[in-house]
Amino acid sequence: MEEAISMVQMMIPELYKRADLAPKDVEKAEFAFSIYDADGSNVIDAVDLGNVLRALNVNPTNATIEKLGGTKKRGEKTLTLEEFLPIFSQVKKDKDQGCYEDFIECLKLYDKQENGTMLGAELSHILLSLGERLTDLECEIVLRDCMDPEDEDGFIPYGPFLKRLCEKAGGDE
């Protein structure tokens, strides 16, 4: 048993080097990975790749997740921690992702009154037609779960909407 522990301890610095991650990032990645490792076998289902990455505060697109080995159906593929760390490293370096502040700046373009609100109909249109387009059903679910009720003029506060959306994207979907 002690030999196995010693061997794992010797492998850990090698994982840091191969993944090009700081020890603190590896520790965080191991923790997030372990949450999605349902049976303790040190593997995750590739369908959870996006969830694990988002739990680590990176925002890869669905297309990026698929390109890196994520799947749409459970049981098609699994990933080990050793396979996951280079993926995390790559996504962490990727500048083609947005953060909360970036999304706020985008929605400010639709804030005609400059008061933190936009038309709910415009938000729906954005979700259905720009970037990684949502289906009608996905849009309906996002708006139902994250959007405050519209005021009498059809406006919604976009800050709370975006905060709830980012929280849901980072947690279990």
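## Charges, buried and exposed

At 17% relative accessibility, Asp25 counts as buried, where buried means under 20% relative accessible area, exposed over 50%, and partly exposed in between (1.4 Å probe, protein chains only). This is a predicted model, in which local features need pLDDT of at least 70 and side-chain atom pairs count only at pLDDT 80 or more, while totals for chains, interfaces and linings use all residues. Residues are numbered from 1 along each chain as its sequence is written, and side-chain values use heavy atoms, with hydrogens and water left out.

**Overall layout**

- The protein has nine helices and four strands; helices (H or I, at least four residues) and strands (E, at least two) are DSSP runs, numbered from the N terminus.
- Along the sequence, these elements follow the pattern α-α-β-α-α-β-α-α-β-α-α-β-α.
- Of the 173 residues in the protein, 35% are buried.

**Asp25**

- Asp25 sits in helix H2 (residues 23-36).
- Neighbours within four places in sequence aside, Asp25 is in contact (heavy atoms within 4.5 Å) with Phe88 and Lys92.

**Salt bridges**

- Side chains of opposite charge can pair when their charged atoms come close.
- A salt bridge here is a side-chain nitrogen of Lys or Arg within 4 Å of a carboxyl oxygen of Asp or Glu, and by this rule the count comes to seven.
- One of them joins Arg74 and Asp48, with the closest N and O atoms 3.2 Å apart.
- That pair links distant parts of the chain, 26 residues apart: Arg74 is in the loop between helix H4 (62-67) and strand E2 (78-80), and Asp48 in the loop between strand E1 (43-45) and helix H3 (49-55).
- Arg74 is exposed at 57% relative accessibility, whereas Asp48 is buried at 8%.
- Glu66 and Lys72 form another salt bridge, their closest N and O atoms being 3.5 Å apart; Glu66 is partly exposed at 44% and Lys72 exposed at 68%.

**The negative patch**

- Glu150, Asp151, Glu152 and Asp153 gather in a patch of negative charge on the surface.
- Patches are made of residues with over 30% relative accessible area and no salt bridge, with like charges joined within 9 Å and nonpolar side chains (Val, Leu, Ile, Met, Phe, Trp, Tyr) within 5 Å.
- Asp153 lies in the loop between helix H8 (136-146) and strand E4 (155-157), and it is exposed, with a relative accessible area of 54%.
- Asp153 and Leu119 are 34 residues apart in sequence and 8.2 Å apart in space, C-alpha to C-alpha.

Key. Areas by Shrake-Rupley, 256 points an atom, 1.4 Å probe, with all protein chains shown as cover. Lys, Arg positive; Asp, Glu negative; His and termini not counted. Charge placed at Lys NZ, Arg CZ, Asp CG, Glu CD.
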